[in-house]
Amino acid sequence: MNNIEILWVDDEINLLKPHILFLEKRNYHVTPCSNGSDALDLVKDNSFDIIFLDENMPGLSGLETLTEINNIVSNIPIIMITKSEEEYLMEEAIGSKIADYLIKPVNPNQILLSLKKNLEHNRLVSERTTINYQQEFRKISMELASVNSHQEWVSIYKKLVNWELELENIDDTGLLGILESQKQEANQIFFKFIKKNYKDWFYDEDTPILSHQLFKKIVLPEIEKNDKTLVLIVDNLRYDQYFMIEKNIANYYKKQSETSFYSILPTATHYARNAIFSGLTPLEMAKQEKDLWMHENDEGGKNMHEEEFLKRQLKRLRKDLPFSYHKISNLKTGKELIQNYNQYKNNKFNVVVFNFVDMLSHAKTDTKVIRELASDDKAYRALTDTWFLNSPMLELIKKAQKDNIKLVITTDHGTINCSKPTQVIGTKAIASNLRYKTGRSLTYQEKDVYAEHDPKDIFLPQEHMNSSFIFAKDNLFFVYPNNQNHYTNYYKDTYQHGGVSLEEMIIPCVTFTPKK
């Protein structure tokens, strides 16, 4: 790298001449300085890319000089060099946000390594990431050609999500475009896999964990083996969004285990989240819990009975476990949850549903400002991360960690950015969801949907004789012939759920142990 300006501050700067010559041969330009006061004048009058700063100097010490430099300009990386290995010095320097910390005597290669790490980090990471993804691209393509199990699909999807997060950090639009094409190809193959296998998952032994099995198989065993457990269900949380908030949870909790499970179809709150709380399929809910289950065309909220569903599931399982249930749909209820924390913290377990991510996806549809802010998946993730950092959810996690409460985080389904319309025709009574439809006399593009003409085969209730379900594939959304252009423009590039995609169906359930 050429034209890099280095300020090197050391009261024994003359002894470092060999180091300076070593760097200058590699096209770095070094300005030598023997004390902190002169260093401050140089920083005021010049533009440096990086500073090497001796800690032990007469007059202004290294730490004092560091503080003054940060008052003048705060964005120059500073590498502290010291003879001392005293822990308090390291802590003070690190607390002052130094870029690196070296112990004397340092050799030229150490200096060069620190320079590259701090000044060429992004370029080196970008080059290595590009090479690694090019190799991984071929591996994933080969895996897509032979994938044949739900476990393999989980592995492929998580690889794609991880690469999406890696590539967005190097900001290479070309590689991101290639990855997006690979994700679309994966979703097309996944759609065929679901059409072929989904029905069998309700009857075979080798099946993924589905929504209605999650509590009994994963969550309940965690609750039973711990004194207290906090269960957080974040509506509409995709894997990429989960990875964004996980890094902040790591400040308070250590990840113990992660289970990837599959949302049932439709991948919608009415079906998937009720299934989690009840431990029943939608068909079983409609038959066994007629006083709680609501059909598509019934008026009123479709998830009003989650607490009662959970009570009845525990009763069926013969588990007498004190718990509380809370649903957080706005900041006011979130603040009340925190204020009332002491009232429920000693329960065997507490369940909290956070609806923010779901509200964000709906707001992108209805609000022009949110459309601009969440213009793509990267921005959508960033908004989720910003919400979490300032949310009652994080406050609740902090409180639970202090009280040594185990943590389980999961969701009911994911969501996908829909960009292409597909036409559907039916009666006025068909469901209004953009990713699935149910009703009689549905007309649609066969290639665009997974259709079940006898919903009971996939444990869905049939409201009327001859009612069927159809689920949109990939990133398609349903539109009617009337005013098709208007609705296409209105819903294009909005986040929807209910259909068949990796993003909607493969979702996490993660358990955490509080850090001491």
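Predicted model: local features only at pLDDT ≥ 70, side-chain atom pairs only at ≥ 80, totals over all residues.
Residues are numbered from 1 along each chain as its sequence is written, and side-chain values use heavy atoms, leaving out hydrogens and water. Local features need pLDDT of at least 70 and side-chain atom pairs count only at pLDDT 80 or more, while totals for chains, interfaces and linings use all residues.

**Exercise 1.** Find which strand holds Ser324, and decide whether Ser324 is buried or exposed.

- Ser324 sits in strand β8, residues 323-328 (strands are DSSP E runs of at least two residues, numbered from the N terminus).
- Its relative accessible area is 11%, so Ser324 is buried (under 20% relative accessible area, with a 1.4 Å probe and protein chains only).

**Exercise 2.** Which side chain makes a polar contact with the side chain of Thr511?

- Start with the setting: Thr511 lies in strand β19, residues 506-514, and is buried at a relative accessible area of 2%.
- The partner is the side chain of Ser257, at 2.6 Å (a polar contact is a pair of N or O atoms within 3.5 Å, where within protein one must be able to donate a hydrogen and the other to accept it, and residues adjacent in sequence count only if both atoms are side-chain atoms).

**Exercise 3.** Describe how strand β13 is paired and which way its residues point.

- β13 and strand β16 (residues 468-472) run antiparallel, joined by 4 bridges (pairing takes at least two DSSP bridges).
- Within this pair, Gly439 stands opposite Ser468.
- Tyr436 and Thr438 point one way, Lys437 and Gly439 the other, and all are buried.

Key:
Buried < 20%, exposed > 50% of the residue type's maximum accessible area, 1.4 Å probe, protein only.
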